[in-house]
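Have a look at the sequence and structure first.

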Amino acid sequence: MKSDGESIEANFSLRQRIEGAVGLTRGLGRGLVDSSNALLRRVTKAKPKPEVVDTSLRIAHYNLVLMDGDGQVVWGMEYDTGGPFSFRPGHRLWICCEFTNRSAHEAGIAEFEIELTGEDGSVLSRFGDSFGDIVVVQPGETRKFVGQWSL
Amino acid sequence: MKPMKTNGSSSDSIIGRGVEVTGDLLFAGELQVSGKVTGTLTSQDGTLIIEATGEVDAQVDVSVCVIRGKFRGNVKAKSRIEVYKSARVGGEVATPVLLIEEGAECNAAIMMASQAMAKGQG
């Protein structure tokens, strides 16, 4: 039979062991939670970023199109930009076109459009304006048309 | 002074950082300026690129002019001019197509001039 002293010592030793085991379990648990949190963070980080939409335009040419009061195209001309260039957000663009009436008759223009075109000739953007009334361009007279864009 | 010519090929020509040129330059193709140029710069169909470190104080007559550095003088580009945010431009600018990036310092008189006199209706 164990004495009271021996019994207390044994209990103390058992308690120490149990506390140690509990501590170890807690530690393992914490480790598992930390690992899973880290994994979660990694998975969250690995999520694909939202796709950035490229709104820039690659401009190679531009066209001036003149229309009469009925909206019929009366004259058009294609211009070269001197090589393709990029028009990006934060850019402002101005384009000036000129029409000289070299015919013997006066020309009536009600509206105009300036089209920006890509290397493949597709129209990328249009700037249009109307005069409200018909503008008469006399033979030999020159008119300027300016379009502006910003992205 | 006799004008200095770059070779007639379309290959690039470079005036590097730390180089200063004074006089009349005729070039073909592309000329990149990262140094300093004073005088005149002429090219029938060429492109002048003034890089961020470049400083040009000149009369310029080219097809395309791209400015990222400092420019003072008159620039006439028959196709287009591009002015980027690091650019500082003073003087006169004449072109049918002008692109300016936000932040560019452009204290120039701008003349929007058509590329070519358009032909009249039939």
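Helices (H or I, at least four residues) and strands (E, at least two) are DSSP runs, numbered from the N terminus. By that rule, chain B has zero helices and eleven strands. This is a predicted model, in which local features need pLDDT of at least 70 and side-chain atom pairs count only at pLDDT 80 or more, while totals for chains, interfaces and linings use all residues. Residues are numbered from 1 along each chain as its sequence is written, and chains are lettered from A and ligands numbered from 1 in the order in which they are written.

Two residues are in contact if their C-beta atoms, placed from the backbone, lie within 7 Å. Among contacts in chain B between residues at least 6 apart in sequence, 2% join residues at least 24 apart. A residue is buried if 20 or more other C-beta atoms lie within 10 Å of its own, exposed if 12 or fewer, and partly exposed in between. Of the 122 residues in chain B, 37% are buried.

A nonpolar core is a set of buried Ala, Val, Leu, Ile, Met, Phe, Trp, Tyr and Cys residues joined through C-beta atoms within 7 Å. The largest one has 49 residues, and B:Cys65 and B:Ile67 touch the most other members. Strand S7 (residues 55-67) of chain B gives the most to this core, namely eight residues. Beyond its neighbours within four places in sequence, B:Cys65 contacts B:Leu48, B:Val60, B:Val75, B:Ala77 and B:Ile81.

**A sheet in chain A**

Two strands pair if DSSP finds at least two bridges between them. Chain A holds an open sheet of four strands in the order S2-S1-S4-S5, with antiparallel pairing. Its edge strands, S2 (73-87) and S5 (123-137), each pair on one side only.

**Where the chains meet**

On the chain B side, 22 residues are in contact with 27 residues of chain A. S10(B) supplies the largest share of that side, five residues. By class, the side has ten nonpolar, seven polar and five charged residues; here Ala, Val, Leu, Ile, Met, Phe, Trp, Tyr, Cys and Pro count as nonpolar, Asp, Glu, Lys and Arg as charged, and the others, Gly among them, as polar.

| Strands | Bridges | Residues facing each other |
|---|---|---|
| S3(A) (residues 91-100) and S10(B) | five bridges | A:Leu93 and B:Leu99 |
| S4(A) (residues 107-117) and S5(A) | ten bridges | A:Gly108 and A:Val136 |
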